[in-house]
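Dear colleague,

Please find below the structure that I am handing over to you. My notes on it follow directly after.

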Amino acid sequence: MTDSTSLAAETSTLLARLGVPAAALGGGELEARSPIDGRPIATLSLTRSPAASIEAAHAAFLEWRDVPAPRRGELVRLFGEELRAAKADLGRLVTIECGKILSEALGEVQEMIDICDFAVGLSRQLYGLTIASERPEHRMMEVWRPLGVVGVISAFNFPVAVWAWNAALALVCGDSVVWKPSEKTPLAALAVQALLERAAARFGPAPQNLSTVLIGGAATGQELVDHPMAALVSATGSTAMGRAVGPRLARRFARALLELGGNNAAIVAPTADLGLTLRAVAFAAMGTAGQRCTTLRRLFVHESIYEALVPRLRQAYASVVVGDPTDPATLVGPLIDGDAFEAMRAALARAETDGGRVLGGERIAMQQAPAGFYVRPALVEMPAQTGPALDETFAPILYVMRYSRLDEAIRLHNVVSQGLSSSIFTNDLREAERFLSGSDCGIANVNIGPSGAEIGGAFGGEKETGGGRESGSDAWKAYMRRATNTINFGRSLPLAQGVTFDL
Ligand code: UN1
């Protein structure tokens with residue numbers, strides 16, 4: 001286990017190398033902590049005036065929207081280069097600040113690089129349509145124009161990638177970006193901002209304040225949500241956060257892109273490849289210590305294979321290596337903090353009341369990190385889908401249930417209030433297709449787990465997950481304003497729908 005003085009020292013070395021100005025750190029009122037040992041790693045100041053930052057970003061937008069889109073793509077290309085060069089350092093910082101294992105932290109930085117590549121290509125493909133006009137000598141077209149200031153509110157569990165999904169698209173779409181990162185992971189945000197500034201310096205004259213970071217808590221986020229100059233706010237976090245943010249944005253008719261909770265499930269059907277299923281379930285349910293919005297939380301196993309799969313799962317849960325996320329042997333790092341641990345314990349206690357058989361869930365003492373919250377992931381065999389199995393608890397708990405009929409499993413799958421991601425494990429084509437059309441989630445997979453999506457697809461979900469779509473496919477359209485243009489190139493004025501109005 002890395003000792004805490006060396007963690008703080010390593011953090012400041014990493015921040016310096018990543019280009020974070022020393023003036024941004026030290027002496028402020030926000031204390032950044034590492035979940036590795038629960039101890040402070042840096043202090044920083046809160047943003048004094050979020051409104052001033054948003055107004056400055058709006059001025060940047062007015063310049064940036066006139067820069068041709070492929071040229072805007074060049075800035076994102078350079079940013080992708082900075083990320084490639086800084087991948088090891090930024091990944092390490094992400095591990096220190098949010099506790100995910102190094103391989104996953106590096107994967108998160110890779111996800112940023114991937115979305116930059118996607119956005120660079122997109123900068124030459126912001127296509128509109130030409131539409132047949134019913135009037136002679138008229139042309140109709142649909143064009144996509146830059147939108148304005150894009151606010152991004154991100155969560156601790158993906159402290160850099162989710163911002164990048166939004167920012168890379170927003171920047172090529174001609175928007176400026178104001179980022180309110182989780183107050184649990186402000187340092188990674190400052191590092192990313194510094195890398196973007198490096199790219200901007202190489203780009204040539206880029207508008208000042210094209211991207212800014214607001215350091216603060218919920219009140220700062222609220223200022224961003226309420227500011228009339230924030231045209232779109234893309235917010236990732238709990239459903240409770242979305243319930244607070246959504247109506248405030250609606251009140252001023254601003255755009256909302258909400259990526260909220262998931263209570264993701266998988267169905268393991270009789271023909272499933274059990275070796276593959278075991279590995280997929282282990283990563284999806286225990287990876288990132290259960291702290292992904294796409295984490296697998298419910299597993300429906302067909303009764304005919306229950307005894308073949310579940311004992312192997314129990315073994316995996318009992319033996320998975322929990323510990324220091326900087327150690328390459330570790331697969332499960334710490335929870336983000338004590339509140340997360342309390343929520344996990346409370347959910348497990350409720351599960352027991354409902355007749356659940358709980359394996360794991362106990363805190364693991366780490367000699368050198370008494371204030372770190374390390375837990376053995378919990379596997380809970382439930383007699384039925386009740387109580388905590390219907391909620392999202394942001395911790396590594398997998399509720400396992402038996403099923404006999406696929407239609408019933410799909411019904412139970414859909415019964416929860418969230419609708420993010422879902423999977424089936426089967427080699428039966430009919431079952432796979434029935435599941436894909438039956439799942440009510442934004443993401444539905446066959447023979448892979450629900451987490452770890454690639455950036456090329458649209459990411460997001462239905463119901464209490466909030467309905468937003470980020471990242472690939474045509475998610476970029478949320479960051480632009482659609483305009484329908486009709487051009488009359490004749491000398492007369494025929495009216496649509498055959499209306500006459502002759503003076
Ligand atoms: C999140 O947890 O908020 O699909 C995002 C995944 C990752 C992103 C998760 N690509 O698990």
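Ala266 is buried, with 28 other C-beta atoms within 10 Å; a residue counts as buried if 20 or more other C-beta atoms lie within 10 Å of its own, as exposed if 12 or fewer do, and as partly exposed in between, with C-beta atoms placed from the backbone. Ala266 belongs to strand S10 (residues 264–268). Helices (H or I, at least four residues) and strands (E, at least two) are DSSP runs, numbered from the N terminus. The C-alpha atoms of Ala266 and Val281 are separated by 8.4 Å, and the two residues stand 15 residues apart along the chain.

The model is a predicted one, in which local features need pLDDT of at least 70 and side-chain atom pairs count only at pLDDT 80 or more, while totals for chains, interfaces and linings use all residues. Residues are numbered from 1 along each chain as its sequence is written.

As to the annotation, UniProt places the feature "domain: Aldehyde dehydrogenase" (unreviewed entry) at residues 29–482. UniProt positions are given in the numbering used here, feature names are shortened, and annotations may be inferred rather than shown by experiment. The span 29–482 is 40% helix and 21% strand, and its end C-alpha atoms lie 42 Å apart. Under "active site" (unreviewed entry), UniProt lists Glu259. In the model, Glu259 is found in strand S9 (residues 255–259) and is buried, with 30 other C-beta atoms within 10 Å.

Around the ligand are Glu111, Asn157, Phe158, Val162, Thr236, Arg292, Cys293, Thr294, Ser451, Gly452 and Ala453; a residue is near a molecule or strand if its C-beta atom, placed from the backbone, lies within 6 Å of it. By class, this shell has four nonpolar, five polar and two charged residues. Ala, Val, Leu, Ile, Met, Phe, Trp, Tyr, Cys and Pro count as nonpolar, Asp, Glu, Lys and Arg as charged, and the others, Gly among them, as polar.

Two backbone angles deserve a note. Ala289, a residue other than glycine, has a positive phi, near 50°. Ala289 lies in the loop between helix H9 (274–286) and strand S11 (296–302), and it counts as buried because it has 31 C-beta neighbours inside 10 Å. Lys463, also a residue other than glycine, has a positive phi near 55°. Lys463 is part of strand S19 (residues 462–463) and, with 19 C-beta neighbours inside 10 Å, counts as partly exposed.

Ile448 is placed in the loop between strand S17 (443–446) and strand S18 (458–459). Having 16 C-beta neighbours inside 10 Å, Ile448 counts as partly exposed. Its C-alpha atom is separated by 7.7 Å from that of Ile424, 24 residues apart along the chain.

Finally, the helix packing. The axes of helix H2 (residues 50–64) and helix H7 (residues 218–226) come within 9 Å and cross at roughly 40°, which makes H2 oblique to H7. Axes are lines fitted to C-alpha atoms, for helices over the stretch in contact, and angles run from 0 to 180 degrees between N-to-C directions. Angles under 35 degrees count as roughly parallel, over 145 as roughly antiparallel, 65 to 115 as roughly perpendicular and the rest as oblique. The axes of helix H3 (residues 69–98) and helix H6 (residues 186–203) come within 9 Å and cross at roughly 155°, so H3 and H6 are roughly antiparallel to each other.

With kind regards
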